[in-house]
Amino acid sequence: MSSPSLVWFRDDLRLADNPALRAAIDRDEPIVAVFVLDEESPGFRRLGGAARWWLHHSLASLAERLVERGSALVLRRGPAGRMIPELAAQVGAGAVFWNRRYGGPEREVDAALKTTLRTQGVEVASFAGSLLHEPWTVTTGSGTHYSVFTPFWRACQSLPAPRAPLPEPREVRGFPAPPKSDALDAWGLLPTAPDWASGLRDTWEPGEPAARRRLREFLKNDLPSYDRARDEPAAGATSMLSPRLRWGEVSPYTVWHEAVEVDGAGGFLSELGWREFAWHTLYHSPDMATKNLRPEFDAFPWPPLDPAHLDAWQHGETGVPLVDAGMRELWHTGYMHNRVRMVTASFLVKNLLIDWRLGEEWFWDTLVDADEANNPFNWQWVAGSGADAAPYFRVFNPELQAKKFDPQRLYISRWAADAPTEPIVDLSETRKAALAAYDEVKRAPRAPDRD
Ligand code: FAD
């Protein structure tokens, strides 16, 4: 009687360089591959609309690839702490494998599951698949975690190089009596009334094969000019890998090893470093999406919310061209260029004086790459409340930013040609008001940078 191996896919929707899948193949028993849509475990954040769209298509692609290789993808919906042991018992699994995740509530579920499954007599193992360095391996001389990027990244680089990516399996031997699966369509991840996803469909092709293709194209065509052009939103010079990394359609090990071969890849690799830094910060501060990393920011005197201002920002109706262009790009494609993310975020927090958490929630709902670490980390970075953050008094001037990074207004005319032209606030007056509010934070006791 065989005792199949259960491979639990989470944020690693790929076959190549998937250590959990590799461990199952090496165990040489049939494989039951499962994905659990868990919106019930305590503390789990419900996915935003754009992320749900991506997930639907990425799961469809993974399922198809597993079938091609002799297996299938079982879909289950519910709290993973219940669904995984039930499935393991149903198929008589001898082992359960997964790649680790680093959010606080997710780690709690995974730790409890290890105990439950082991009590059922099932072998359990977890692997590093989503980060180049495990968060507990990068520490300062005194054993604490870094709160400043440069020494963090230097420390990462002094560690042994990330392991080589694992090859893609040609065969994934399936279980002869595959358990029942939910129908993906029944999960309702795609928008229907209204169907707002046409811009997403025009922009993206989710799934591992497209991710690998995009990586190859980027390395060949764009990486050589990345450092020069990465800040220009009209240049199309960045990798567009963020949703692919978020969903694990390509592993950071694959990206790192292929990019490091290209001359002058340092700037690009350090962006992967920021991704690591954000995740390590989340590991140490699991409530980063709601709590200021710098506690002195709790004293920030946010004025009462003006809902009309928030609405204008969300829908690209602020009358500030670069801000409106960015917010419209986001609404249409589920993506926004990094430089413009910084400008739109700074405008919300420092010109509209709206709490960064409301901006973070909007991005969470609208970005295809929204994730638990990078989104709040970057919002806090812009707001000034975060790790190694931009100083609060550095207020991006959206007009100067447009002159510098979109001098021919190509990006602005693409996305905001018909946007209003009268700004909803006076940029210099609101900047002064923001600085005055910041003075109150300065008077609050300041937490020291650790390194
Ligand atoms: P590239 O320039 O090609 O960079 C390569 C990879 O490095 C990216 O795919 C991404 O994984 C990583 N990366 C690049 N910049 C950053 C950064 N500043 N912080 C962390 N990782 C980075 N990125 C997300 O992946 N998810 C988010 O939810 C997210 N929210 C953001 C919110 C705000 C307010 C800001 C300012 C930035 C946010 N970013 C987020 C970071 C960054 O904007 C995107 O990762 C980047 O624009 C993705 O485009 P790309 O893949 O072409 O990037």
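Which strands does helix α1 (residues 19-27) lie across?

Modeller: The model is a predicted one, in which local features require pLDDT of at least 70 and side-chain atom pairs pLDDT 80 or more, while totals for chains, interfaces and linings use all residues. Numbering starts from 1 along each chain as its sequence is written, and side-chain values rest on heavy atoms, without hydrogens or water.

Helix α1 lies across β1 (5-9), β2 (31-37), β4 and β5. Angles span 0 to 180 degrees between N-to-C directions, the axes being lines fitted to C-alpha atoms, for helices over the stretch in contact; contact means heavy atoms within 4.5 Å. Helix α3 (residues 80-91) also packs on the sheet, where it touches β1, β2, β3 and β4. The direction of α3 makes about 160° with that of β2.

The sheet itself is open and holds 5 strands with parallel pairing, in the order β3-β2-β1-β4-β5. Its edges are formed by β3 (73-77) and β5 (123-127), each of which pairs on one side only. From one strand to the next, the twist averages 25°. Helices (H or I, at least four residues) and strands (E, at least two) are DSSP runs numbered from the N terminus, and two strands pair if DSSP finds at least two bridges between them. In the pairing of β4 (residues 95-99) with β5, which is parallel, there are 5 bridges. Within this part of the sheet, F97 stands opposite A125 of β5.

S41 is placed in the loop between β2 and α2 (49-68). With a relative accessible area of 7%, S41 is buried (buried is under 20%, exposed over 50%, partly exposed in between; 1.4 Å probe, protein chains only). When neighbours within four places in sequence are left aside, S41 is in contact with P79, A80 and V109. S41 and P105 are 64 residues apart along the chain, yet their C-alpha atoms are separated by 7.8 Å.

The loop between β5 and α5 (149-158) contains S130. This serine is buried too, its relative accessible area being 15%. Not counting residues up to four places away in sequence, S130 touches D11, R100, Y102, P252 and R275.

The whole structure contains 27 aromatic pairs. Rings of Phe, Tyr and Trp (its six-membered ring) pair if their centres lie within 6.5 Å; planes under 30 degrees apart are stacked, over 60 edge-to-face and the rest tilted. One of the pairs joins F277 and F377 in an edge-to-face arrangement, at 5.5 Å centre to centre and 75° between the planes. F277 belongs to helix α11 (residues 266-284) and F377 to helix α16 (residues 374-383), so this pair ties together parts that are 100 residues apart in sequence. F277 and F377 are both buried.

The pair W313 and F363 is stacked, because the ring centres are 6.0 Å apart and the planes stand at 10°. W313 is in helix α12 (residues 307-314) and F363 in helix α15 (residues 356-366), so parts 50 residues apart in sequence are tied together. W313 counts as buried at 0% relative accessibility, as does F363 at 3%. Ring pairs also link a cluster made of Y146, F149, F152, W153, W274, F277 and F377.

Helix α11, which holds F277, also includes G266. G266 is partly exposed, its relative accessible area being 46%.

Along the principal axes, its C-alpha atoms fill a box of roughly 75 × 50 × 45 Å. Of its 451 residues, 58% count as buried. Among contacts in the chain with a separation of 6 or more, 82% come from residues 24 or more positions apart.
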